[in-house]
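Here is a short report on one structure.

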Amino acid sequence: MSKRDYYEVLSVSKTVTDGELKVAFRKLAMVHHPDRNPGDKEAEIKFKEINEAYQCLSDSQKRAAYDRFGHAAFSQGAGGPGGPGFGNEFGDFMSDIFDNFFGDGRGAQRGRGQPGRERGSDLRYNLEITLEEAFSGKTETIKIPTTITCDACAGSGAKPGSKPRQCPTCGGYGRVRAAQGFFAIERTCPNCHGRGEVIDDPCGACSGAGRLSRERTLSINVPAGVDDGLRIRLAGEGESGLRGGPAGDLYVFLSIKPHEFFQRDGADLFCRVPISMVTAALSGEITVPVIDGSQTQVRIPAGTQTAKQFRIKGKGMPVLRARDVGDLYIQVFVETPQNLTKRQRELLQEFDQTASDENHPESAGFFSKVRDFFDGFGGSARQ
């Protein structure tokens with residue numbers, strides 16, 4: 001029999017928000033809950049159908065796949081969007097529902113059939129590099145304090161020659177159920193603390209944890225073109241899982257040191273360069289640095305003003321995972337002479353006496369507008 005559309009099952013539109021979806025699911029789940037409809041097989045089927053639809057649409061990735069391909073998106077999977085739990089006994093199915101609403105969030109990590117195998121924690125490492133290292137890429141060796149699987153007990157937590165046994169209180173599930181009205185609420189087992197098993201004779205090396213604290217040395221490949229704030233994920237390099245559980249991940253957060261010459265904007269670099277008044281007025285050539293360690297020449301035309309930019313194509317930063325390269329922009333500013341000699345002052349005064357508005361078009365134009373501005377108020381302007 002073909003499945004009904006998930007949006008139709010939950011009586012919502014395809015534009016439904018996550019909050020509206022949750023409200024719609026709760027209302028329908030309350031109506032068709034088996035505890036409110038004892039012996040009603042149709043209500044039981046309806047309840048499963050509602051939960052299956054919610055499990056798919058409440059997951060952003062599954063929802064996107066469903067919107068594009070419908071039920072066919074999961075036809076090759078192990079039990080559809082709801083996962084393998086839909087093919088188990090109804091009791092297991094009900095437990096999955098209560099895990100979603102009342103669980104401690106660890107059920108997905110433990111996994112059914114692997115009680116106590118909790119995933120290890122993720123780790124963070126802050127790595128500071130130079131702009132030159134970000135340009136060329138590098139291999140960095142780091143040391144991190146973490147946990148590793150105990151070799152003595154192979155991660156089981158039990159003394160070599162023994163093994164953990166199933167918790168008699170929860171039957172190995174890690175949770176116990178208590179009835180409250182028509183709801184059956186599951187809680188963490190107080191005997192095994194959710195692990196599903198107990199250890200009578202713990203390992204002496206790790207005290208039953210199945211893992212030990214150690215410092216690890218890792219090699220990290222920093223690709224060329226990385227930017228400030230980039231995160232590199234090393235799967236499985238985090239803390240070891242509890243009692244043989246999967247390891248967490250290591251996240252390396254990159255920061256780039258401020259550079260003496262260059263400021264970065266994406267793949268482009270900017271370098272602020274001072275030039276003399278004479279070079280700006282008469283033209284000239286300056287030598288500027290490049291991030292790869294080389295130098296290049298920039299021609300300064302006569303009459304160059306402060307803030308003028310000169311673009312050097314292809315001398316910026318590489319683009320991460322691409323063949324593109326940014327540009328280098330030289331921003332010049334005209335430096336006013338200081339500590340003048342008597343003769344230098346005389347020469348500048350001579351120049352000022354013979355200068356005209358054509359020599360200073362911007363200042364002449366500005367003060368002309370200022371005079372017009374004050375004339376509009378019936379006043380006068382002084383330069």
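## The second largest pocket

The model is predicted. Its second largest pocket has a lining of 18 residues. Nearest the centre of this pocket lie M277, A281, Q305, N359 and H360. The space inside the pocket comes to about 640 Å³.

Three helices each give at least two residues to this lining: helix 8 (277-282), helix 9 (342-354) and helix 10 (361-375). Helix 8 supplies the largest share, with 5 residues. Sorted by class, the lining holds 9 nonpolar, 7 polar and 2 charged residues.

An open sheet of 4 strands runs in the order 10-11-15-14. Its pairing is mixed. Strand 10 (262-265) and strand 14 (309-312) each have a single partner strand, so one side of each lacks a neighbour in the sheet. These two strands form the edges. From one strand to the next, the twist averages 30°.

Strand 11 (residues 268-276) pairs with strand 15 (residues 328-335). The two are parallel, and 8 bridges link them. I275 has V334, in strand 15, as its bridge partner.

Another open sheet has 3 strands, in the order 1-9-8. Here too the pairing is mixed. Strand 1 (123-129) and strand 8 (231-234) are the edge strands, and each pairs on one side only. On average, neighbouring strands of this sheet are turned by 25° against each other, direction ignored.

Strand 8 and strand 9 (residues 250-256) run antiparallel. They are joined by 4 bridges. Across from I232 stands V252, in strand 9.

## Helix 3 against helix 4

Helix 3 (residues 41-57) packs with helix 4 (residues 60-69). Their axes lie 6 Å apart, at an angle of about 105°. Angles of 65 to 115 degrees count as roughly perpendicular, and the two helices are therefore roughly perpendicular to each other.

Which residues in helix 3 and helix 4 meet? Q55, C56 and L57 come from helix 3, and K62, R63 and Y66 from helix 4. By class, this contact has 3 nonpolar, 1 polar and 2 charged residues.

How values were computed: Residues numbered from 1 in each chain as written. Predicted model: local features only at pLDDT ≥ 70, side-chain atom pairs only at ≥ 80, totals over all residues. Heavy atoms only, no water. 1 Å grid on protein atoms, 1.4 Å probe; cavity = no way out; pocket = protein on both sides within 12 Å on 5 of 7 lines; lining within 4 Å. Points joined across faces, edges and corners; volume = space filled by probe spheres on them. Nonpolar A, V, L, I, M, F, W, Y, C, P; charged D, E, K, R; others polar. Pairing = 2+ DSSP bridges. Axes fitted to C-alpha atoms, helices over the stretch in contact; angles between N-to-C directions. Parallel < 35°, antiparallel > 145°, perpendicular 65-115°, else oblique. Contact = heavy atoms within 4.5 Å.
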